[in-house]
Amino acid sequence: MSMAPPAPNLPVSLAANPRLSSWVKFTVEGRVAISPGKVEIGQGIVTALAQIAADELDIEIGRIDMIRASTATSPNEGVTSGSLSIQHSGRALRHVCADVRQRFLHAASERLGIDAGLLDVADGTISGPGNVRTSYWELSGDVSLDHDAVAGTVAKSAIARSMAGQSIQRVDIPDKVFARPRFIHDHALSGLLHGRVLRPDVSGARLIALDEGAARAVSGLIAVVRDGGFAGVVAESEVAAEAALKALRKGATWSAGQPLPNEGDLAGFLRSQPVETTVVDTRIAAAPAQATHSLRRQYTRPYIAHASIAPSCAMAQWNSDRVHVWTHSQGVYLLRADLSIVLKLPVENIVVEHMEGAGCYGHNAADDVALDAVLLARAAGGLPVRVQWTRHDEMCHAPFGAAMAIEIAADLDADNEIVGWHHAIWSNGHAARPGRATQPALLAASEIANPYPRMISTNPPAANGGGGDRNSVPLYDFPAWTITSHRLLTMPVRTSALRTLGAQGNVFAIESLLDEIAALRGEDPIAFRLRHLRDERAKDVLRTAARRAGWRPQKQSGIGHGVGFARYKNTGAYCAAIAEIEGTGDDIRVRRLTLAVDVGEAINPDGVINQIEGGAIQATSWVLKERVRFDLERITSTSWTDYPILTFSEVPAVDVEIIQRPEVEPVGAGEAAHGPVTAAIANAVFDCLGVRVRDLPMTRDRIIAAMELTS
Amino acid sequence: MPVIQFQLNGATVAVDTDPDQTLLDVLRSRLGITSPHFGCGAGECGACRVVVDDHAMASCDMPMWSVADKTVVTVEGLGTAEQPHPLQRAFISEQAMQCGYCVSGILASAAALLKRNPSPTEAEVRAALDRNLCRCGSHNRMVRAVLRAASEMSSS
Ligand code: FES
Ligand code: FES
């Protein structure tokens, strides 16, 4: 009996949006519009996608206009997150463009009377023997792209691509150095009004009474908007809106808030809450070995703020019962879904259009401010309203990356070899994004009259890399393990997706404990890791980083080196990091980070390096400095002074090597470095100062506390 | 309201404004200058920095009365795509950003630095940029770009 070969699948984004014309359009002579559903968040995705399209279509990249995502026109690719844009959008576009090229070759073949196999495309011009020629644009009347993509289209082989693998310059950078408005913040709509929203200082407090008199007296005020506990102002200018808000704040009466946990004992808080427990993975030893002793360690990381350099901003404009929204959300369709619930309007009445904001490292307040703008714009008589959050709002009302407590118990035999491994996580969920549930996730939805309950964050399923449990299953070949995740069912501090979700915490824990065990055994930490890895790509990044950093550097007093490794989500990019730190007394400084990374095919190698450098520096900032501060009543880290991040003088040198694998499907790079860098710094601190700091951030106080514990 | 006059990117401008209004607000909302960005409004992030009489200053907490008769340069006045300032060229060559929201303020700090110190060391560049925050972690590329611009300027 013969079996038909399985039908090849379309790339996921294409299966969901198969219509070719939703991705590619030949517009005016010589131009091609490429319309991905993923958005630019400072990661350079738009350029990498243009490279892919240019390759498959055989056109110069300069002819491509990359269209910003909008629910009016773009394919629905969900959310731009999880380092999946190259995987989703890139694969879809490669497939679509190969299909489109084939269709045009057929049309050209008919028109020119030449076998399609003899035709060639160069910069959009199709030519064949005898100097016959036509072009995509000449043929665009004959070729309809209103067809669905079919599975089985064969894209070019890696070797035939000329743009992919090149570090071409990013298409958005000239605008940004020549001050051409590109950010949503800089976009001037005609008749634009300005809105500001009133939010409580005390966490969980609700607006119960409001004296609007003083605000109404502010010159330039257009409207005071009140909807239950949601209140805000619309004014002619930002200055007037701010003045009115200030006046409104004086007239506000708030209910008592909801108490926040004790920031000094996050682990105690996390480990004492009601939880939903999941066994993430177990491995049972084929031949159980006898453990003689066990090492049990607890690691914590605090709540971490996205802290984009720009406060969140959105614009909205109503036209009777239709509304147009401009947003820097990571997911225009998902935002639209939530807006539709709150507004009780069909999605067809809402257009959500993306415009670039500042770098976004996960689910920040971009979506929240969009609903704010929509609610305020109702009072604007059809004029557009722009709402911008304050720095204070951004630092205390936007969702944070979830705090984590992680306990690992490693069972060891008499030679300190690992025979069992128990990894348990206590954390709030790492995702409460809009558009995923029957209730909205937007902040104002929990404030309006008839409010929706605040959504308790959950974790994405394991198939999507998990959430709090992301990277908790070791890539190492230990004989047995149990991995357990306890997700909190209470959420006094609002959490949602922050770059890497739980991976940074889990990799920090795993790689720190491995280092400790290697040290117990007197074994080189890289050799120890290599001995437990079976995956050659994993070993390659470790060896490459080791070679590049001159591992193992001579021991010098006051200098320490440490290593960290992970494959992001266990399915994405491989990354190894080696940190060199300098320790004087109880103060540390990260001097250098050396990283090796394997993302498969690196479409734009410099773009990958840029992402890895950025990730490494951001992770260093998290590790050394960052921690959302609060007392029992309110978030207190509401400015850059109270929430310091790494400065230019504190930034380490970062050296990155890419292992290029053009034949392997590309994966994203934006989140690969955080876990490995965190662990590498922690391990370097031990190498330098002889203490294991297991609580992030590794501030001076924490180091002193760890030293006291050791002595 | 008084009329306050100052030099902006080589031209004289006069604005009728509340003297306590900030330079950032006047630039953005009155004069169509969008390169200085709002980040914190408290002089802490540098996104709004512009060059005032050869010094890089936060424009978000600079009242208009203090700008009278001063010379203000923003990225709009630094150069154009046709005639870029060496810093602009260098930021492109080094691909020195991720999101780029912080970049105008950083260009302002760097331009002021190169004016007073045409051949800075790496440490001097970092020190000059210490009041500019970059959340994306593009610092090292930016430092390389400033050094590249400096060497280009000194060799021309
Ligand atoms: S906006 Fe002026 S320093 Fe932050
Ligand atoms: S490049 Fe995004 S903040 Fe600097």
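Colleague: How many residue pairs are in polar contact across the interface of domain 1 of chain A and domain 2 of chain A?

Modeller: The model is a predicted one. By class, the side of domain 1 of chain A that touches domain 2 of chain A has six nonpolar, seven polar and four charged residues. Across this interface of domain 1 and domain 2 of chain A, the residue pairs in polar contact, both at pLDDT 80 or more, number seven.

Colleague: Which residue forms a salt bridge with K176(A)?

Modeller: The rule finds two salt bridges across the interface of domain 1 of chain A and domain 2 of chain A. In the one with K176(A), the closest N and O atoms are 2.6 Å apart, and the partner is E356(A).

Colleague: What area is buried between chain A and chain B?

Modeller: Contact between the chains involves 56 residues of chain A and 48 residues of chain B. Carbon and sulfur atoms account for 56% of the area buried between chain A and chain B, which is about 4200 Å².

Colleague: Which three residues supply more of the area that chain A buries against chain B than any other three?

Modeller: Chain A and chain B bury about 4200 Å² between them. Of the area on the side of chain A, 21% comes from three residues: F178(A), I309(A) and F648(A).

Colleague: Which residue of chain B meets E613(A) in a salt bridge?

Modeller: Five salt bridges are found by the rule across the interface of chain A and chain B. For E613(A), the N to O distance is 2.7 Å and the partner is R141(B).

Methods
Residues are numbered from 1 along each chain as its sequence is written. Chains are lettered from A and ligands numbered from 1 in the order in which they are written. This is a predicted model: local features need pLDDT of at least 70, side-chain atom pairs count only at pLDDT 80 or more; totals for chains, interfaces and linings use all residues. Side-chain values use heavy atoms; hydrogens and water are left out. A salt bridge is a side-chain nitrogen of Lys or Arg within 4 Å of a carboxyl oxygen of Asp or Glu. A polar contact is a pair of N or O atoms within 3.5 Å; within protein, one must be able to donate a hydrogen and the other to accept it, and residues adjacent in sequence count only if both atoms are side-chain atoms. Ala, Val, Leu, Ile, Met, Phe, Trp, Tyr, Cys and Pro count as nonpolar, Asp, Glu, Lys and Arg as charged, and the others, Gly among them, as polar. Contact means heavy atoms within 4.5 Å. Buried area is the accessible area (1.4 Å probe) that two parts lose on being put together, summed over both.
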